[in-house]
Amino acid sequence: MPMPTDHRPGTTPDAEPAAPLEPAPVVPLISVRDLSVEYRVSRTNSWLMAVADVNLDVHEGEFLTVLGSSGCGKTTVMNTIAGLVQPTEGEVLIDGRRVTGPGPDRAVVFQDYALLPWRTVVDNIRFGLEMQPGRRRADWRAQVADAIRLVGLDGFEDSYPRELSGGMQQRVGLARALVAEPRILLMDEPLGAVDALTREVMRAELERVITATGKTVVFITHSIDEAIVLGDRVAVFGAHPGRVLEILPVDLPRPRSEQGVMAQPGFVELRDHLWGVLQGDARSASRGVAGS
Amino acid sequence: MAETVQASRTRPRPPTLSRVLAPFTWKFAVLAEVLALLLIWHVIQGMIGVWDRRFVPAPGDVIRALSDLYQTGDLMGHLTYSASNAAVGFVLAVVVGVPVGLLLGSSRWAYDIGGPPFWAMYSMPRIAFQPLLVLWMGFGSGPKIFIVFLMAVFPIAINTMDGIRGVDRSLVKAARVYGAGPVDVFFKVQLWAALPLILTGIRMGVARSMIGVVIGEFIGGSQGLGFLIYRKSGEFELDAAVGVTFLLVAIALVGMALVNLAKRVFASWYVEGAPQS
Amino acid sequence: MSASSVAPVAIERRHRKVPVRQRLFERWRRPLFAVIDLVVIVLAWEFVVNVAELVQPLFLPPPGEVLSAARELWASGELLANLRLSAQNWFFGYVAGGALGILLGLLVGSIATVHRLSMPLLWAAWATPLIALQPIITAWFGFGAMPIIVLVFISTVVPVALNTATGVSGVDSSLLRAGRVFGAGRTELYRKVRLPWTLPYAIGGLRMAIPTSLIGLLVGEMIGSPTGLGAMIVTSVARFRTDQTIAVVVVFVILSVVLVSLLDAVEQRVGRWRNSGTHG
């Protein structure tokens with residue numbers, strides 16, 4: 001089913017494409033259209049609008065960070081792209097084809113790592129390969145070894161997840177995603193459960209590994225710094241219900257996770273701007289609740 | 001200077017006897033405690049004779065009575081009878097309890113339909129049915145096996161249900177992301193994740209099935225360790241009765257230790273977080 | 001209606017209308033299925049015995065006969081008299097066992113060495129069939145109420161002591177430190193930190209002891225006693241009055257369900273501060 005690929009200017013805040021891309025209409029790799037998702041809350045037996053009218057395009061090779069406070073529905077958007085959640089309204093297109101479920105073209109790195117505790121590092125990384133019927137068993141060992149080297153897990157091949165620190169566990173999660181060779185990497189606050197110092201280190205590692213692989217990435221975070229350092233563009237989300245407030249490009253030279261980058265005027269300006277957008281949304285939300 | 005400090009820190013310390021035994025210290029202490037209690041009992045009763053020996057036997061009497069029972073060949077007959085009934089009933093409980101728990105734990109429909117009778121049966125004092133079971137199934141092994149089954153099946157099913165429900169949902173999500181279908185999710189994720197709790201249920205089932213053995217032989221029984229306790233007490237041979245009771249306790253503890261061993265082998269990755277059971 | 005008004009406005013505005021029938025079904029499906037289950041089971045029971053005559057009524061009396069047997073037992077006063085005796089025996093054993101269990105648990109849990117030395121024994125006692133002691137206890141105390149009370153007593157002591165000891169010994173050490181920082185002395189620390197912390201555990205032990213103590217009661221009455229509900233079960237089977245047997249069993253089940261839900265309610269109230277963190 002061929003889908004219309006135009007941007008429909010005026011309906012989305014990101015009508016103007018990011019500066020480094022060609023101005024001609026390009027088929028975005030990921031296209032989220034008029035997406036709304038509702039959940040049934042079994043405790044109160046009512047429906048909750050988690051995400052409302054989200055429109056979002058991500059192009060091949062782009063690193064999009066999604067910034068928002070916790071519980072603002074950004075994870076729901078990611079789960080919909082992953083095919084774990086069905087849209088209530090609207091749709092998600094990958095390469096113009098509608099998403100109906102998980103597929104080998106997408107891999108997810110989870111905030112809580114989601115590693116199988118009864119499998120060693122190697123076996124956990126292998127999991128993605130096991131599930132894909134087309135893979136040749138003979139290649140598994142080499143592919144897993146490559147991934148382990150890439151994320152820096154050498155020497156921990158036979159450890160169990162519980163024996164690893166949070167940062168190391170997330171390296172396993174990343175390796176598991178990379179070894180499945182997806183076109184799109186979906187990362188749900190992958191550094192959210194990691195301590196602050198490790199987080200800095202891992203952020204730099206992520207920038208290195210992912211720019212090396214050239215993958216398309218959707219990266220969810222609630223850290224403004226992280227959103228700027230990693231993203232080619234930043235999509236800011238508001239809460240209750242989750243919706244896109246603003247999408248803006250980041251025109252800072254890479255690699256950005258080095259010391260000093262965060263002190264550059266461009267960086268500071270962006271950070272202030274994003275902070276203002278988030279604050280404004282939080283303030284209007286709290287006023288809305290108080291008024292009821 | 002700094003180098004030598006580092007070196008001494010990384011070099012493994014030589015194992016000394018006390019260090020090797022350290023993890024077992026408290027186990028030895030408990031063992032010593034039990035022996036001490038037996039010794040005190042022996043002194044009070046066996047040497048001083050505070051109470052009537054027929055009513056409160058001394059440790060020596062108990063051991064003597066047990067070895068008498070063993071030598072006449074009585075003990076082994078009763079033991080095998082009880083053990084085989086218990087084994088059949090217990091295996092039946094595992095074979096039924098685990099699938100039932102899996103079904104109730106993973107399907108909302110199954111739970112809504114099957115839950116009420118399940119919990120109703122669970123909340124009943126099932127041993128109250130023992131006289132009826134004897135009426136229905138006769139004086140043979142039937143009711144004895146069945147009551148063992150009834151006692152053991154519920155903890156096994158309930159823990160299995162809790163186990164399958166408690167599976168970390170992000171693990172299931174992750175598996176689905178990497179292309180696992182329902183069958184793969186069940187066999188590669190849910191079953192494994194539930195295994196520690198299933199084994200906990202099985203361990204509780206061992207303990208409960210011993211209650212079943214005793215009740216089954218107390219009411220309408222003519223053989224087995226429970227019956228032996230009953231008969232020897234009636235004949236005021238309390239030394240033998242106490243001895244057989246201890247034997248039952250020992251069997252229960254050994255059975256549970258075996259399940260613990262299985263847990264350590266098959267679920268070695270599992271770290272007990274909150275206190276279980 | 002009342003549930004959704006709690007939610008913030010922005011969300012409420014976004015609420016989708018759920019068909020009324022579906023919403024009613026979702027809310028009532030559990031009780032609905034339970035009632036359907038009950039009806040189906042009673043009908044099947046009736047069918048098997050009375051219509052298809054697959055089982056002789058002697059072995060499994062139809063529901064109607066059980067009901068009339070219950071009415072008959074109630075009218076003759078037999079049920080009430082035995083129920084009172086059972087309740088008495090159970091109450092004495094349970095209260096004494098609960099009291100001693102809590103004391104024992106506090107002792108075991110408060111002193112580290114005692115804790116290390118006695119917990120394995122308590123666990124072993126919990127794992128073993130204590131009712132196996134019934135014949136021996138009968139030999140010691142003779143026939144009558146005493147062996148029953150003792151059996152209920154020991155079936156109560158073990159779970160209560162075990163749970164209480166687990167509670168006391170598991171007090172969050174940072175709470176104790178905080179108490180000391182604010183100048184609490186030894187006794188105050190015990191009264192204001194350890195005991196409140198332990199209370200839900202002790203109640204939990206009492207809750208766990210309900211089924212075990214009822215098993216103790218039943219075993220005591222079924223084997224060594226001419227009176228009580230347990231004895232009624234045994235004698236009615238011996239007289240082939242299975243309708244009476246099932247009536248008594250049903251009374252016993254109701255009794256145990258009432259006791260369990262009573263303790264559950266207490267446990268919920270006392271342990272509120274423990275549960276509040278689990279959903280969120």
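Reader: I'm new to this one, so let me start with chain C: what share of its contacts with a separation of 6 or more comes from residues 24 or more positions apart?
Author: In this predicted model, 74% of the chain C contacts with a separation of 6 or more are made by residues 24 or more positions apart.

Reader: OK, and how many helices and strands does chain C have?
Author: The secondary structure of chain C comes to 12 helices and 0 strands, and the order of its elements from the N terminus is accordingly written α-α-α-α-α-α-α-α-α-α-α-α.

Reader: Why is chain C said to be more spread out than a compact globule?
Author: Its radius of gyration is 25 Å, whereas the globule rule gives 19 Å for 280 residues, and because the value for chain C is well over that figure, the chain counts as more spread out than a compact globule. Taken along the principal axes, the box that its C-alpha atoms fill is roughly 75 × 70 × 30 Å.

Reader: What percentage of chain C is buried, then?
Author: Of the 280 residues in chain C, 38% count as buried.

Reader: I was looking at C:Trp123. Where is it?
Author: C:Trp123 sits in helix H5 of chain C, the helix that covers residues 112-127. The C-alpha atom of C:Trp123 is 7.3 Å from that of C:Leu162, although the two residues are 39 positions apart along the chain.

Reader: Switching to chain A: which domains does it have?
Author: The domain assignment gives two pieces, 30-105 + 186-291, for domain 1 of chain A, and the range 114-181 for domain 2 of chain A. The C-alpha centres of these domains lie 25 Å apart. In the contact between them, domain 1 of chain A takes part with 11 residues and domain 2 of chain A with 10 residues.

Reader: What classes of residue are on the domain 1 side of that contact?
Author: The side of domain 1 of chain A that touches domain 2 of chain A has 7 nonpolar, 2 polar and 2 charged residues.

Reader: Now strand E7 of chain A: is it mostly covered or mostly uncovered?
Author: Strand E7 of chain A, residues 184-188, is mostly covered, with 5 of its 5 residues buried. A:Ile184, A:Leu186 and A:Asp188 point one way from the strand, while A:Leu185 and A:Met187 point the other way, and all of them are buried.

Reader: What do E7(A) and E8(A) make together with helix H5 of chain A?
Author: With helix H5 of chain A, residues 196-213, the strands E7(A) and E8(A) make a right-handed β-α-β unit.

Reader: Last topic: how many residues are in contact between chains A and B?
Author: There, 14 residues of chain B are in contact with 19 residues of chain A. On the chain B side, helix H9 (169-177) and helix H10 (182-218) each supply at least two residues, and H9(B) gives the most, with 6 residues. By class, that side of chain B has 9 nonpolar, 2 polar and 3 charged residues.

Definitions and conventions:
Residues are numbered from 1 along each chain as its sequence is written. Chains are lettered from A and ligands numbered from 1 in the order in which they are written. This is a predicted model: local features need pLDDT of at least 70, side-chain atom pairs count only at pLDDT 80 or more; totals for chains, interfaces and linings use all residues. A residue is buried if 20 or more other C-beta atoms lie within 10 Å of its own, exposed if 12 or fewer, and partly exposed in between; C-beta atoms are placed from the backbone. Helices (H or I, at least four residues) and strands (E, at least two) are DSSP runs, numbered from the N terminus. A crossover is right-handed if, with the strands pointing away from the viewer, the path from the first strand over the helix to the second runs clockwise. Two residues are in contact if their C-beta atoms, placed from the backbone, lie within 7 Å. Ala, Val, Leu, Ile, Met, Phe, Trp, Tyr, Cys and Pro count as nonpolar, Asp, Glu, Lys and Arg as charged, and the others, Gly among them, as polar. Domain bounds come from an automatic or database domain assignment. The radius of gyration is taken over C-alpha atoms; the globule rule is 2.2 Å times the number of residues to the power 0.38.
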